[in-house]
Amino acid sequence: MLPLILRRLRDLVIVLILVATAIFFIVRIIPGDPAIAIAGDQATQAQIDALRQTLGLEAPLWLQYLQFLGGLAIGDFGTSTTFNSPALPIILASLPPTLVLALTATVLSVAVAVPLTVATALHPGGLLARVVNRTNAVAVAVPEFWIALILTLFFAVRLRLLPVSGYADPFSDPLGAIRFLALPVIVLMINQVAVFSLNLRESVIGEMLHLYLRTARAKGLRERVVLVRHVVPNAALPAMTVVGLNLGTLLGGVVVLETIFVIPGLGSLLNQAVGTRDYAIIQGVTIIVAAMFVLINFLVDLAYMFADPKVRVS
Amino acid sequence: MSITRHRRRAVVAIATAVAATLVFAACAPAVDAPGASTPSAEPVQGGIATVTLNSDPGTLDMSVSSLQVTQFMGVEVFESLFALDATYTPRPMLVDAYDTSADGLTYTLTLRQGVTFHDGTALQAADVVASLQRFLATNAIGLLIAPTVSSVSAPDSSTVVIALTAPRYGLLSELASPAAFIMPAAVVEASGGKALSADQLIGTGPYELTDYVPGQKVDLTRFDGYVSRAEQDWGGYAGAKHAYLDGIQYRFVSEDSTVVNGLTTGQWQVSMPSNDQYAVLSADPSLRVAPASGGVVNTVVLNHDPASAFASIDARRALNLLLDKKALAAASGAAGELLVDSGAFASPDNAPMYSDAGEDVYAEHDPEAARRLFAQAGVDTVRMLVPNTQPFAAWATVIQDELSGIGIDVQLESFDTATVRATATQKPGSWDLSLTFINGALSTPSQINWLQSGYIAKYRSDRLDSLMSAYNASADADAAAAAVKEIQAFVWDEIPSIVIYGSHQYTATSTKLEGFDNFALVLWNSWLTP
């Protein structure tokens, strides 16, 4: 276990240095700089020049890069040029809404997708299986923003059951958080349940072809027990990778949904930072998202080890 | 899986989507005729108004940021020495009385007594001196004034003296800019030239900052120590300010449908939605929809770099003849009542800056004559460098089509605003034409950026310089109006850039909000009915 953790930590450092270097130069390749974005398009060139000087944008690129790496080493992500304050607290303040949204949607999606898939696998030709299979195809095909707009129109505007948009902290205002999160979570679940269910179904079908199940059945186990005890745990391994990748993507910020539902998460922050060329925020969000992605992959690997003795031994 | 099954699934998906759209569309609120509102006669103290803005400017510092959203919030917190009234005339705000020397070179300002900042400290002349010096060093208008200011001094704690090197008729209007706001001298010192951070947003306005969550919200609450002026009828940014509302909440909402849904359900009371939503919102009886004051002047910016096609006056005149201004206005999607069919560089409601001189040239439209003039100028290619947002993208399409229609080859590059600005600056000879709009509520002609030699268009003219000098030397409003008329006539004679039309944004407000007069998003003197 320890060597694995050390290897992963080493990988994390390498990935973060590569990501930090790449994003540092990528944002500076894009024309336009923070001075133009802050001053606004009505500003004169003299005003922009004065601001560039103040923001330290005139320093040589190599010096800015070294200062950036040096800052990272001591946990300093730089100063946001838009908000004129340290970038890290701003990024960390945007992290909880994204975490809450992504984790809630993922946990609930798994909770719905697994029993649904098991039920359909038990009766592959049944009514439930036919409905789920067709619904999954629709749910994967329909874009999330469309579902979001339609659900908002119905539940928020017409029925006035839920707020149109907003966010509340689930720890200080749990009821408010449920009301605000209901629509975005449902929108994410519609797609995720379908994706998880389709993947798990493929795995289950593949697993059902293995010969060891004949032994299980020969022991006199009922089909339901064979499925739940033997098939699903083995079929869950590939699905876990899909869940992990999906969660990583959601943690990177659900830009469109965060914009539609006015959720102050990482996606909204990054979207705005790109428009205002806020280098410190863009770099910081990218690095933190990359770190989370590596961490999630690590957790998926650990989960593999616990779930599959073969992985543990190898 | 067979192709047939794929196709069947796709058909099912599309059919379900269409059916669901129809079902939910049927559930949408019915559109009724607008109902007449009954204004409540007496202002009501209390309540919190929620306002949506399309982006977070990151600061309320109007000196550093020229963005409109910065100003919408900033004017509630900060005040200047003077303020523009509803007719865009400068009126004293933090100044009690002022005196101008006979030669027009010295302004002696006496500050109002009893004015305090939000941190409880009293307004002193030293605060004004520090704030003005920062304004002169950082702001676009300040940088225009700076060369003519020889000193700003404070002979005593309530007197400020501004000494000029040459008369400047528009000085009071320029000092009435919200960007020339006054803050404590200690804040000026701490900020350097950077945008003020949240803890430095200390002004003298009727509302003070209580919370600023970047990218999410700005909350203002009534400043109980505010001392209002007495004048009730000046309007605009000037005169008496009554903070009837307990607070103002600004929420940053960029998605148009979310803005509209929030207005409809009462989640917020004030918004400036896009043109696309005007008809729907106008039909909602729970809302009032009206054009905002001032408006913007939409402009085709012409590059005067020697490598540009429009360095030639024939080419500039040709383009003016070619452009169908009505088609460009229609392409924006704005309702007719939001459009101003005028080539003036100021909004018609901005009386001191508006002139109809040259409207006949603005109205010209003759593509065949344009083709001949372009040929005469030797122009067969036009390079467009335009922002990729609306309405610029729509205008670009129309202009591209019109140029192509007379055989001009068009090279169109479209980027976000920051990229356009950077490209235009760093590669000055790489483009011929761009698009922008300017504030129709400008207070001096020198604020028109495309007439400034430092702007990306790089326009310079001795004649224009002398006209601007004549404006600055004006002795009174009549002389200034005559000078404005001459500058406007010159603009349509020389065509440094081309005004294509004027337009107004509009506000959509809840019928529960009373006292709101559509001057920017000013919310003092407004109140919420139960």
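The following legends describe close-up views of a predicted model.

Local features are reported at pLDDT of at least 70 and side-chain atom pairs at pLDDT 80 or more, whereas totals for chains, interfaces and linings use all residues. Residues are numbered from 1 along each chain as its sequence is written, and chains are lettered from A and ligands numbered from 1 in the order in which they are written.

**View 1. Packing of helices α5(A) and α10(A).** Helix α5 (residues 87-122) of chain A and helix α10 (residues 223-251) of chain A have axes that come within 10 Å and cross at roughly 150 degrees. Helices (H or I, at least four residues) and strands (E, at least two) are DSSP runs, numbered from the N terminus; axes are lines fitted to C-alpha atoms, for helices over the stretch in contact, with angles from 0 to 180 degrees between N-to-C directions. The crossing angle makes α5(A) roughly antiparallel to α10(A) (angles under 35 degrees count as roughly parallel, over 145 as roughly antiparallel, 65 to 115 as roughly perpendicular and the rest as oblique). Residues contributed by α5(A) include A:L99, A:A102, A:T106 and A:V110, and those from α10(A) include A:R224, A:L227, A:V228 and A:L250; two residues are in contact if their C-beta atoms, placed from the backbone, lie within 7 Å. This contact of α5(A) with α10(A) comprises 14 nonpolar, three polar and two charged residues (Ala, Val, Leu, Ile, Met, Phe, Trp, Tyr, Cys and Pro count as nonpolar, Asp, Glu, Lys and Arg as charged, and the others, Gly among them, as polar).

**View 2. The kink in helix α8(A).** Helix α8 (residues 174-208) of chain A contains 35 residues, but its end C-alpha atoms are only 43 Å apart, short of the 51 Å that a straight helix would reach at 1.5 Å a residue; the expected span is 1.5 Å times one less than the number of residues. A kink of about 45 degrees is located at A:L181, shortly before the proline A:P184; the bend at a residue is the angle between axes fitted to the seven residues ending there and the seven starting there.

**View 3. Packing of α7(A) against α8(A).** The two helices pack at an angle of about 140 degrees, with their axes 10 Å apart. That angle makes α7(A) oblique to α8(A). Among the residues that meet are A:I147, A:L151 and A:F155 of α7(A) and A:L183, A:I186 and A:I190 of α8(A). The contact of α7(A) with α8(A) has nine nonpolar, two polar and one charged residues.

**View 4. The contact between chains A and B.** Chain B supplies 59 residues and chain A 52 residues. In chain B, α1 gives the most to the side that touches chain A, with nine residues. That side of chain B has 21 nonpolar, 31 polar and seven charged residues. Helix α7 (residues 144-158) of chain A packs with α7(B) at an angle of about 5 degrees, with axes 11 Å apart; the two are therefore roughly parallel to each other. Here A:L149, A:T152, A:A156 and A:V157 meet B:S257, B:N261 and B:T264.

**View 5. Backbone geometry at B:P391 and B:N518.** The peptide bond from B:Q390 to B:P391 is cis, with omega near 5 degrees. B:P391 lies in the loop between β15 (381-387) and α13 (392-405) of chain B. B:N518 has a positive phi of about 65 degrees although it is not a glycine, and is placed in the loop between β20 (513-514) and β21 (527-528) of chain B.
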